[in-house]
Amino acid sequence: MTKEKIEVFDSTLRDGAQAEGISFSVEDKLKIVKALDALGISYIEAGNPGSNPKDLEFFERVRGMKLVNAKLTAFGSTRRPDTPVEEDANVQSLLEANSEVIAIFGKSWDFHVTEIIKTTLDENLNMIMDTISYFKSKGKEVIFDAEHFFDGYKANAQYALKALEAAVKGGVDWLVLCETNGGAFPDDVYSITKTVCEKFPVKIGIHCHNDGGMAVANTIMAVKAGATQVQGTYIGFGERCGNVNLSTVIANLQLKRSYQCIPSNQLMNLTPTARFVAEVSNISLNEREPYIGNSAFAHKGGMHIDGVMKANHSFEHVNPDKVGNERRILMSEVSGKTTILSKIQKINPNIKKNSLETQEIMNCLKKMEHEGYQFEGAESSFELMIRKHLGKYKPFFQLKHYKIIGEQPSQDGDSSTAVVKLTVEGKDALTVAEGNGPVNALDKALRKALEEFYPVLKEVYLSDYKVRVVDTKKATGARVRVLIESTDGHDVWTTVGLSTDIIEASWIALVDSIEYKLLKEIEKKANIYLVEQRIN
Ligand SMILES: [Zn+2]
């Protein structure tokens, strides 16, 4: 059975760029285009070349890229009221993008026509028709984004449909129904989309925002009603509460319903692509995001873990492998002996449930958790702890001492200087680095000292840093737990440190992060036997 094709239209670089806290450089945009194209996204919308020089530069550079799956789309509005298309600067600048596809947004809600852009209802229809037929005459594929379509339809269905009709008269290829304010319900989206699909002989798309938390449901219902293009942003960011999260929509439609959104062999790149887009966008991916989040397949409670070990589907709706994510078993004393044993056996398969080592590690875990350590979400530190107990660990360097000097007010934003002295492979290494805070300076100095010996550390950087006060009653004398998330652009790992001194807690987590990376690197390069020889 051939699956019905759904065209995925990504607007991370346009609607997504309007999200709070997001700002893309031209380089960032090119990286995202490359990643989304490789994943098999059909359309990539990338802004308006006329709106700023940065966008124009982007369009010039992207022309040099060979896209395999995606069509690049420029975005702009219908011509202004009472202005011929040929004289409209924005319309003309859209041609400069030289893109295969153009998305034009226009008004379909009568109230917006008369009260916001302040023109007549008839002129708005002419604006839609003229602009679209103009781009069609230039040989473009044209998408019409009917802004506020659902609210418009509820206020004045006849006029909202007339706006679509004007686009069809102009020769449009796609009518995209926009749920711009994001407050609609799935049943309404379904029935209105169905009406439109039955009425017009062109392809229909859907564009939802998430203000009511229903963007995914609304999108799926529109597809059910006959829409064959889904617009959104890959990891869901966009103005206000964001656009529909395409990674969720793709997984749902392709795994739970028989639609083809991206090539089947690309589904396993759903999660890596999400992490990559988040990284380039400089935001941390919501860990509870369906399918692609770090916690999407994380199990903690003892009974859940026991169930998942016996049969994965007992507590998982799909297999994480299908979307390139992984199952995580979170470490804590509530996870039970079996779980901890499975972690231990990954390092030494000979150890049994009643081995002395298992008991020792259990006791150590209990003691450390009592002190305020927490290993759930910091499995890398937990793995190092096990290795230390099993003698499967060798330090990569010895700390002699570190010093931090703070300076306020700061010069050029660097308020701290760190001096680190280490011994690596019998040699002393002394480095100094400045940073925008003590942990940043310490991280830089430590890396500077080690990179010479372990160049692979150049790929590693901190992607998140969290501090929790453990015993709040002691206020500033309390212990703090520092969680550091690191990445090398491919893997993400988290380590933990605990101390009454925030710098020391950070240091412990930093050292774990670096040691973990180096251990993984050895395992990757040499085969496992060589590792054992080196450690023993
Ligand atoms: Zn939008």
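In the predicted model, ring pairs join Phe9, Tyr43 and Trp174 into a cluster. Aromatic pairs number 14 in the structure. Such a pair of rings is described by the distance between the centres and the angle between the planes. For Phe58 and Phe59, the ring centres are 5.3 Å apart and the planes stand at 70°, so the arrangement is edge-to-face. Phe58 is buried, at 0% relative accessibility, and Phe59 is likewise buried, with a relative accessible area of 0%.

The pair formed by Tyr402 and Trp507 has its ring centres 4.8 Å apart and its planes at 40°, and is therefore tilted. Because Tyr402 belongs to strand β13 (residues 398–411) and Trp507 to helix α17 (residues 502–525), this contact ties together parts that are 105 residues apart in sequence. Tyr402 is partly exposed, at 22% relative accessibility, whereas Trp507 is buried, with a relative accessible area of 9%.

Charged side chains also lie over aromatic rings. The charged end of Arg14 is placed over the ring of Phe75, 3.6 Å from the ring centre, and Lys388 lies over the face of Tyr393 at 5.0 Å from the ring centre.

The zinc ion has Asp15 (OD), His207 (NE2) and His209 (NE2) as protein donors, at 2.0 to 2.2 Å. The spacing of these donor residues in sequence is D-x191-H-x1-H. Asp15 is located in the loop between β2 (7–10) and α1 (26–39), and His209 in the loop between β8 (203–208) and α9 (215–225), so the pair ties together parts 194 residues apart in sequence. Asp15 is buried, with a relative accessible area of 4%, and a relative accessible area of 4% also places His209 among the buried residues.

Terms used: Residues are numbered from 1 along each chain as its sequence is written. This is a predicted model: local features need pLDDT of at least 70, side-chain atom pairs count only at pLDDT 80 or more; totals for chains, interfaces and linings use all residues. Side-chain values use heavy atoms; hydrogens and water are left out. Donors are N, O and S atoms within 2.8 Å of the metal (3.2 Å for Na, K and Ca); water is not among the atoms, so sites may look incomplete. Helices (H or I, at least four residues) and strands (E, at least two) are DSSP runs, numbered from the N terminus. Buried means under 20% relative accessible area, exposed over 50%, partly exposed in between (1.4 Å probe, protein chains only). Rings of Phe, Tyr and Trp (its six-membered ring) pair if their centres lie within 6.5 Å; planes under 30 degrees apart count as stacked, over 60 as edge-to-face and the rest as tilted. A charge sits over a ring if NZ of Lys or CZ of Arg is within 6 Å of the ring centre and within 35 degrees of the ring normal.
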